[in-house]
Amino acid sequence: MPRLPNETEPVTLDTFLRGLWQENPVFVMLLGMCPVLAVTNSAINALAMGLASTFVLVMSNSLVSLMRNFIPKQVRIATYIIIIATFVTMVDYTIQAISLELYNALGAFIQLIVVNCMILGRAEAYASKQPLWPTIINGLGIGAGFTFALLCLGVVREILGAGQLFGIDLFGDSFQPWVVMILPPGGFFVLGAWLLIFAWFRERKQRLSKLQEVTQHGG
Amino acid sequence: MAADSLFFIFLNAAIVNNFVLAMFLGICPFLGVSAKKETAWNMGLAVIFVMLVSSISAYGINAMLVRFDIEYLRLISYIAVIASAVQLVEMTMKKFSPTLFRALGIFLPLITTNCAILGVALFQTSREYSFLQSVVFSLGAGVGFTIALMLMAGLRQQLELARVPSVSQGAAMTMMLAGLLSLAFMGFAGLGAQHG
């Protein structure tokens with residue numbers, strides 16, 4: 001839905017839900033694909049990555065929103081990146097302190113949250129024009145949508161690739177894991193399959209609404 | 001061939017652990033600009049160039065950060081340097097080689113948010129490469145990125161002639177193609193395994 005660039009919008013439930021479904025950063029907008037593919041070989045990694053990205057997204061966008069009247073237009077992108085990098089460094093050191101195992105599993109991808117285009121895109125398109133409250137709600141929504149997408153991939157890949165879910169065995173010994181699913185090609189295949197499902201839903205919805213229009217005009 | 005020899009580092013970054021197909025770095029431009037071979041080639045050149053520049057500057061910066069014991073500023077200074085390196089490259093190119101500048105066009109500023117560039121800087125630091133090794137590593141990564149991009153662009157151009165079901169057109173089809181390419185690149189894994 002098109003909005004005028006400088007119009008502040010009222011906070012509704014839609015501000016949150018839009019990020020989860022209609023504007024889902026991964027399945028609809030195709031943003032932030034690198035971590036989506038790289039860290040989703042198990043559900044727990046996917047969840048940790050989603051939560052870390054959500055934290056950075058909400059915190060950095062809140063700060064951008066609070067400072068939106070002080071940042072000169074010419075250097076705004078550089079300023080956003082510095083703000084994001086600050087929060088990423090915080091997350092990086094926190095995860096390192098809480099769980100070294102998780103830190104090693106996620107590898108460089110925690111630090112690479114800095115260049116996640118989803119976060120910079122939100123800062124530029126939303127936080128720099130909206131007051132604090134809608135920014136936080138919208139950030140939470142987008143973050144939840146991102147975490148949801150990561151889990152979609154992580155769960156499928158872990159069940160098929162290792163026969164486990166969150167580290168718990170699901171099948172008996174007779175299960176032969178599809179090792180390819182936790183290797184790099186599996187990430188591409190599973191994401192492709194999810195995109196296919198979403199595209200099919202969208203096409204069906206379009207067809208149904210068109211059909212409805214036709215019948216209405218006909219009647 | 002030792003694991004830290006220059007040739008091995010190059011081969012490893014370019015083919016065995018291809019940045020796009022095995023390590024998932026730089027997926028956004030990989031999906032975004034792989035529709036045509038010419039644009040893919042130009043993008044690849046721009047990435048190789050910026051990677052080299054930012055790798056060299058990241059090496060210097062890391063040495064300075066370690067010297068003054070302020071490593072926690074690493075991420076912030078790397079990203080600031082990459083952003084300004086891109087700007088610098090853009091201005092220099094505009095002045096000295098307008099032809100190349102026009103050819104690269106919009107891709108130069110976009111490179112700032114290419115995670116492969118930051119990835120190269122972070123990996124060379126965490127693997128403690130020497131200066132020469134860093135340069136070779138960044139060159140290999142850039143070449144690998146270009147190879148993946150060109151392969152993808154070639155496939156997608158061929159695909160335009162095929163009849164694809166309308167549901168799977170676009171991103172879903174590209175993902176499946178990337179999966180097949182990635183599967184093919186796994187064949188190179190044996191080249192690197194013996195060195196750990």
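This briefing walks through the chains of the model, their interface and a few residues worth a look. The model is predicted. Chain A is built from eight helices and two strands, and 30 residues of chain B are in contact with 32 residues of chain A. The largest nonpolar core has 110 residues.

**Chain A at a glance**

- The C-alpha trace of chain A spans about 65 × 60 × 25 Å along its principal axes.
- Of the 219 residues in chain A, 43% are buried.
- Take the contacts in chain A between residues at least 6 apart in sequence: 77% of these join residues at least 24 apart.

- Helix α3 of chain A (residues 43-66) has 24 residues, and the distance from its first C-alpha to its last is 35 Å, close to the 34 Å expected at 1.5 Å a residue.
- Because 17 of the 24 residues of α3(A) are buried, this helix is largely enclosed by the rest of the structure.
- Helix α6 of chain A (residues 117-127) is likewise largely enclosed by the rest of the structure, because eight of its eleven residues are buried.
- The buried residues of α6(A) are Cys117(A), Met118(A), Ile119(A), Leu120(A), Arg122(A), Ala123(A), Tyr126(A) and Ala127(A).
- What covers these buried residues of α6(A)? The cover includes α3, α4 (76-98) and α7 (132-162) of chain A, together with α2 of chain B.

**How helices pack in each chain**

- Two packed helices are described by the angle between their axes and the distance between the axes.
- In chain A, α3(A) and α6(A) pack at an angle of about 35 degrees with their axes 10 Å apart, and their crossing is right-handed.
- On the α3(A) side of this contact are Val56(A), Leu57(A), Ser60(A), Asn61(A), Val64(A) and Ser65(A), which meet Ile119(A), Arg122(A), Ala123(A) and Ala127(A) in α6(A).
- By type, the residues of the contact of α3(A) with α6(A) are six nonpolar, three polar and one charged.
- In chain B, helix α3 (residues 37-68) packs with α7(B) at an angle of about 35 degrees, and the axes are 9 Å apart.
- The crossing of α3(B) and α7(B) is right-handed.
- Val47(B), Val50(B), Met51(B), Ser54(B), Ser55(B), Ala58(B) and Asn62(B) of α3(B) meet a set in α7(B) made up of Ala116(B), Ile117(B), Val120(B), Ala121(B), Gln124(B) and Thr125(B).

**Where the chains meet**

- Between the two chains, 30 residues of chain B are in contact with 32 residues of chain A.
- On the side of chain B that touches chain A, α2 (27-32), α4 (74-96), α7 (115-126) and α9 (171-185) of chain B each supply at least two residues.
- Which helix gives the largest share of that side? It is α9(B), with eight residues.
- The side of chain B that touches chain A has 25 nonpolar, five polar and no charged residues.
- Within the largest nonpolar core, the residues with the most contacts are Ile84(A), Val114(A) and Leu118(B).
- Leaving aside neighbours within four places in sequence, Leu118(B) is in contact with Leu112(A), Val114(A) and Val115(A) as well as Tyr78(B), Ile79(B) and Ile82(B).

**Residues to look up in chain B**

- Most residues other than glycine have a negative phi.
- Phe24(B) has a positive phi, near 55 degrees, and is found in the loop between α1 (6-16) and α2 of chain B.
- With 27 other C-beta atoms within 10 Å, Phe24(B) is buried.
- Glu128(B) also has a positive phi, about 55 degrees, and its place is in the loop between α7 and α8 (131-159) of chain B.
- Is Glu128(B) buried or exposed? Glu128(B) counts as exposed, with 10 C-beta neighbours inside 10 Å.
- Ala153(B) lies in helix α8 of chain B and counts as buried, with 22 C-beta neighbours inside 10 Å.
- Ala153(B) and Lys37(B) are 116 residues apart in sequence, yet 5.2 Å apart in space, C-alpha to C-alpha.
- Beyond its neighbours within four places in sequence, Ala153(B) is in contact with Ser34(B), Ala35(B), Lys36(B), Lys37(B) and Ala40(B).

Methods:
Residues are numbered from 1 along each chain as its sequence is written. Chains are lettered from A and ligands numbered from 1 in the order in which they are written. This is a predicted model: local features need pLDDT of at least 70, side-chain atom pairs count only at pLDDT 80 or more; totals for chains, interfaces and linings use all residues. Two residues are in contact if their C-beta atoms, placed from the backbone, lie within 7 Å. Helices (H or I, at least four residues) and strands (E, at least two) are DSSP runs, numbered from the N terminus. Ala, Val, Leu, Ile, Met, Phe, Trp, Tyr, Cys and Pro count as nonpolar, Asp, Glu, Lys and Arg as charged, and the others, Gly among them, as polar. Axes are lines fitted to C-alpha atoms, for helices over the stretch in contact, and angles run from 0 to 180 degrees between N-to-C directions. A crossing is left-handed if the near helix is turned anticlockwise from the far one by less than a right angle, and right-handed if clockwise. The expected span of a helix is 1.5 Å times one less than its number of residues. A residue is buried if 20 or more other C-beta atoms lie within 10 Å of its own, exposed if 12 or fewer, and partly exposed in between; C-beta atoms are placed from the backbone. A nonpolar core is a set of buried Ala, Val, Leu, Ile, Met, Phe, Trp, Tyr and Cys residues joined through C-beta atoms within 7 Å.
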